[in-house]
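Subject: Structure handover

Hello,

Here is the structure I promised to pass on. Please open it first, then read my notes below.

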Amino acid sequence: MPEVLRADIRLLGALLGDVLREAGGQDLLDDVERLRRLTIRAYANDGQGGTRIEEAEEFVESLSSERAEQLARAFTCYFHLANLAEQFHRVRVLRERAAERTGESPDDSLAAAYNQLAEEVGDGAAAKRLAGLEFRPVFTAHPTEARRRAVASAIKRISALLSERDDPRVGGRLLSDNERRLREEIDLLWRTAPLRAEKPTPLDEVRTAMTIFDDTLFESLPEVYRKLDTDLRGEGHEREAPIMPPFVKLGSWIGADRDGNPNVTAKITRAAASIAGEHVLRGLENAANRIGRTLTVDAGDTPPSPELLRLWSRLSDIDAELAEDIAGRSPNEPHRRAVLMIAERIRATRERTADAAYADAAELLAELRVVQDSLRAAGDDRAAYGELQHLIWQVQTFGFHLAELEVRQHAKIHQRTLDAIDAGEKLGDEATEVLDVFRAIAHIQGRYGTDGARRYIISFTQSPEDIANVYRLAEVALGSPEDAPTLDVVPLFETFADLRASTDILTAALDIPQVKARLAQNGRRMEIMLGYSDSSKDVGPVSATLALYDAQARIADWAERNDIVVTQFHGRGGALGRGGGPANRAVLAQPPGSVDGRFKLTEQGEIIFDRYGHPTIAARHIEQVAAATLLAAAPSTGERNATAAADFAELAAVMDRTSRERFYELVQAEGFAPWFATVTPQEEVGWLALGSRPARRGLSVESLEDLRAIPWVFAWTQARINLTGWFGLGTALAAVGDVDLLRQAYARWPLFRSMIDNVEMSLAKTDARIAERYLALGDRDELAQLVREEMALTSEWVTKTVNASALLASRPVLRRAVQLRSPYVDALSLLQLRALRRIRSIDPTTSPEEFEELRRLLLLSVSGVAAGLQNTG
C-alpha cells in the first residue's frame, strides 16, 4: 500500500477510534479492537495453526445484542472511511500523473487511441470516426447502493477535508483545525442512522441521481471535452474551433423502468422528466448568466455582426421592458446583452412562460452559435471558444431533458393489454397504465423534445410481434399513428435461447411497417439490447459470456447485410456475475464491427457513484471508455479478436457445453431455489430498503424464475461465495485439460483473458471458511459439496491458466488490497451469521423485540459487507 494512502487510512481509523471511545467508552473500542485482531490473525493463520476463525466466531456469539450492533456499525463506518481514502488516492494519483505528463499520452488515452487508428486507417477516416464517437451511459435504479444519502453526504464532506490535507500550505493551526473538523464529521457519520427507515420511492431515486449531475457531470463534461481536444491537437489551439465532439449522451431508467416495479407509473415518469428538466434548465440558466455577466467586450473593439444585431432585435421584441433593462446595464456591450437575454429565455423555458420560452434546445443552440460566430468574426476567438463553447457543449450534451428517459416494460404485459383491447373488454388498471405510459412519452416529447424519451425497451423479447405490439399500443393510446409519439423500440434479448434467436427475430422485424418507417426517418439506425444478468442466471457465467459474444458477432454481421447502423446496448451490472469489470477492457474484447464507434451500457447502484461521483475519476473513466470505443474500430483490434475467436472456437465449444452442464447440475437440482434462499441471506436482503423495485416476482422463491437477477447476485456475494461470477468455469477449464492451450488463449484472446481475470478477482473475494458456515445453514450436503468442489477446481485451473502460484499473484497491488480488506469483512460476516442463525430460530410474533434487534443487526451487516467488498451488484 502506498505510504500516503496508508497514512490517510491510519488517520481516519484513529479518529474513528476516538469517536467510538467518546460515544461508547473504552470498552466499545476494546471490543472492536479485539474482534479486529482475532479476524486478522485467523485470516493469516488458518491452516497453519495459531488463531483460527472459530475464536472470532465464539467472541461474536458472546456479545450482547447492543454490542453486536455497535460492532457492525463500527466496521461499516471503517469501510466507508477506507473506501473514501482509496477513492481520494485514485484522484491524487491521477492528478500527479497529469502534472508530470510532458506531452506523451498514456496508452489508454483518447489521443493514443486516435493516433493508432489514424496510423491504420488514415487521418481522414480517423477524423470521421472521431466525429461519430458515442458513449451512452444509462443510469438505472437497480438496488445495489446500500448507503443512505445522508451517509453518502457525510462521506463526501470527509473526503473534501482529506483533500485539504494534501495542500502543502496547510500546516500548524490550519492542520489542527482540519483534524478537528474531520473528527466532527466522523462523529456525525457514526451517529447518523446507517439504514433507511423506508424504501426510497422512484422519485427519491431520481433526486439521488440528480446529485451526480449537479455535483459532477454538468461542469465536468465540458472540461473533459476541452482536455481531450487539447490532447488531440496539442497546446496553442484554444483560438480555433474544437474538433472534439460532445460524444457523451446520458440515458436514465430511473422513474421510467416499470418492468416488475409497480411503483413506477406514467405519473412518476412525467415527474421524473420534470425533475431532470428543472435541474438542467437551471444549470444552463446559471451558466448563461455567469458568462453573460463576464462578457463585457466593448463594441468598439469587438463589433457585433449583423446576425447578432438581428438576434438582439428579435430578443427585444420578446420582452421589450426586460431588454431595455439589460441594455441599460450593458452599455455598448452587445454580446453581453444577447447572452443575458438568452439566460432570461432559458429561465422562461424553465418556468413555462410561453411567449419567451424556447421551442427546443436546437433553438437555444442556434442563438448561442450566433453569439459565437459574431465574436469570432470580430477577432475575439478566445471568448468565442472559451466559456461560451463550454455552454454550447452543455446544451449539445444535455439538451433540455438532461438524460433521455428510457421506458422499459415486459413483453407479456403488452400482449395482455392488446388481448384485452382486441376482446373488447373493459380495461383494468394494468392495461390502462400501459396506455398512459405512451401518453406520458408524448407529453415529455412535447415539453423537452423528441430526445427526452423516445427509446422503449421490451424485456424478454421473443418474437417480432413483441416489437410490433409496442407501436400498436402507442397508436391506440394516442388515437392514431399520426398522433403517436416518435419511438425507437429496443428489443432486449436476455435468456440463452433469446440470444440465439436474436437475428431471426430482427430479420422478421424489418417487415413491420412502423419499423420500416422509423428506419427511413432516422438514417436506418437501430438499437438492440443484450441482457447480462438473466443470461448468466439462465446458463451460468461461462456460457453466458460466450453466448453474448456470439450474439454480438451475429448482430453486427446482420446489421452490415441489412445496411443498418446498430448500437448494441449492454445491460451490464457492477458485479462480475452480471458483466461487471473494467468497461474499457470489455469494449476491446468485443467482436469486430459490434462496437463501431458507439458504446452504450447500464450503470447502476454503487457503480454510478464510484465512476461518476468525483469529477477527476469521472473524467478518467469517460476517457478510457471513449478511447477503447475509438480503438475498437482499428483493423488490428478486429483482426485480433476475430482470429482468436476462430483459433479457439473448439476450446470455447468445450467450455460452453461442460460449464453449462455443471451449472444445470446445481441450479436444476430439485429444491435448489429454497436451498439457495436458506444458505444465503436472500430472503432477508429483501428487508433492506435499497430501492423501490421488489426483490422478487412472486410471494416466495420456488424457482430461479421467481428471483430477480440482482438479488441472486447480491445474496451469493453476501455469503462470501460469489458463485454467480465463477461457477462452472473450473469444470470447463478442466475439460479442456490442455494447460498450454489455455495459456495461449489467455495471451491471445481478449474475451477469454477478460473472463479469466474477472473470475480471478471474484474468487479472490470469496472466503472458503466463511462460505462453509453459510453452506451449513442448509440441509443439502450434496449441493454444498458441488459448490465446494467447483470453487476449489476453479481456483486450481484459473491459477494454472494465468501461470501463477496463487490467485492475483500476478497483480500484487490488487492482491494486497483484497488481503487487507478481507479480515474486516470477515468480522461483519460473522456478525451476519449470528443474526441469521438466531433470526431463523425464533417466532417474530412471540419475540418481537428480539426479532427487531436481530433484523437490525442483519441489515447493518449486509450494508457493511457491501461496503467492504464493493461491486456487489
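UniProt positions are given here in the numbering used in this email, feature names are shortened, and annotations may be inferred rather than shown by experiment. With that in mind, the UniProt record, an unreviewed entry, places the feature "active site" at His142 and Lys537.

Two notes on the source. This is a predicted model: local features need pLDDT of at least 70, side-chain atom pairs count only at pLDDT 80 or more, and totals for chains, interfaces and linings use all residues. Residues are numbered from 1 along each chain as its sequence is written, and side-chain values use heavy atoms, with hydrogens and water left out.

**Overall picture**

The protein has 37 helices and nine strands. Helices (H or I, at least four residues) and strands (E, at least two) are DSSP runs, numbered from the N terminus. The radius of gyration is 28 Å, close to the 29 Å that the globule rule gives for 873 residues, so the protein is as compact as a globular protein of that length. That radius is taken over C-alpha atoms, and the globule rule is 2.2 Å times the number of residues to the power 0.38. The C-alpha trace spans about 85 × 75 × 60 Å along its principal axes.

Of the 873 residues, 58% are buried. Buried means under 20% relative accessible area, exposed means over 50%, and partly exposed lies in between (1.4 Å probe, protein chains only). The accessible surface comes to about 34,500 Å², and 48% of it belongs to carbon and sulfur atoms. Such areas come from the Shrake-Rupley method with a 1.4 Å probe; for residues, only the protein chains shown count as cover.

Two domains are assigned: domain 1 (282–398) and domain 2 (649–869). Their bounds come from an automatic or database domain assignment. The C-alpha centres of domain 1 and domain 2 are 56 Å apart.

In what order do the nine strands of the open sheet run? The order is 3-2-1-9-8-7-6-5-4, with parallel pairing. Strand 3 and strand 4 (407–410) stand at the edges with a single partner strand each, so one side of each has no neighbour in the sheet. Two strands pair if DSSP finds at least two bridges between them.

Start with strand 1 (residues 134–140). It pairs with strand 2 (residues 251–252) in the parallel sense, over two bridges. There, valine 138 has glycine 251 of strand 2 as its bridge partner.

Now move to strand 6 (residues 488–493). Six of its six residues are buried, so strand 6 is largely enclosed by the rest of the structure. Asp488, Val490 and Leu492 point one way, while Val489, Pro491 and Phe493 point the other way. Strand 5 (residues 455–459) runs parallel to strand 6, joined by four bridges. Tyrosine 456 has valine 489 of strand 6 as its bridge partner.

Strand 6 also pairs with strand 7, in the parallel sense over two bridges. Strand 7 (residues 525–531) is mostly covered, with six of its seven residues buried. Seven bridges join strand 7 to strand 8 (residues 565–571), and the two run parallel. Methionine 526 stands opposite valine 566 of strand 8.

**Single residues to look at**

Is lysine 537, one of the two "active site" positions in the UniProt record, buried or exposed? Lysine 537 is buried, because its relative accessible area is 7%. It lies in helix 21 (residues 533–539).

Aspartate 826 sits in helix 36 (residues 812–839). It counts as buried, because its relative accessibility is 0%. Leaving aside neighbours within four places in sequence, aspartate 826 is in contact with Thr39, Tyr43, Arg720, Asp767, Arg769 and Ile770.

Most residues other than glycine have a negative phi. Two residues here have a positive one. Leucine 402 has a phi near 75°. It lies in the loop between helix 15 (387–398) and strand 3 (404–405), and is buried at 3% relative accessible area. Aspartate 563 has a phi of about 55°. It is found in the loop between helix 22 (541–561) and strand 8, and counts as exposed at 58% relative accessibility.

Best wishes

Conventions. Contact means heavy atoms within 4.5 Å.
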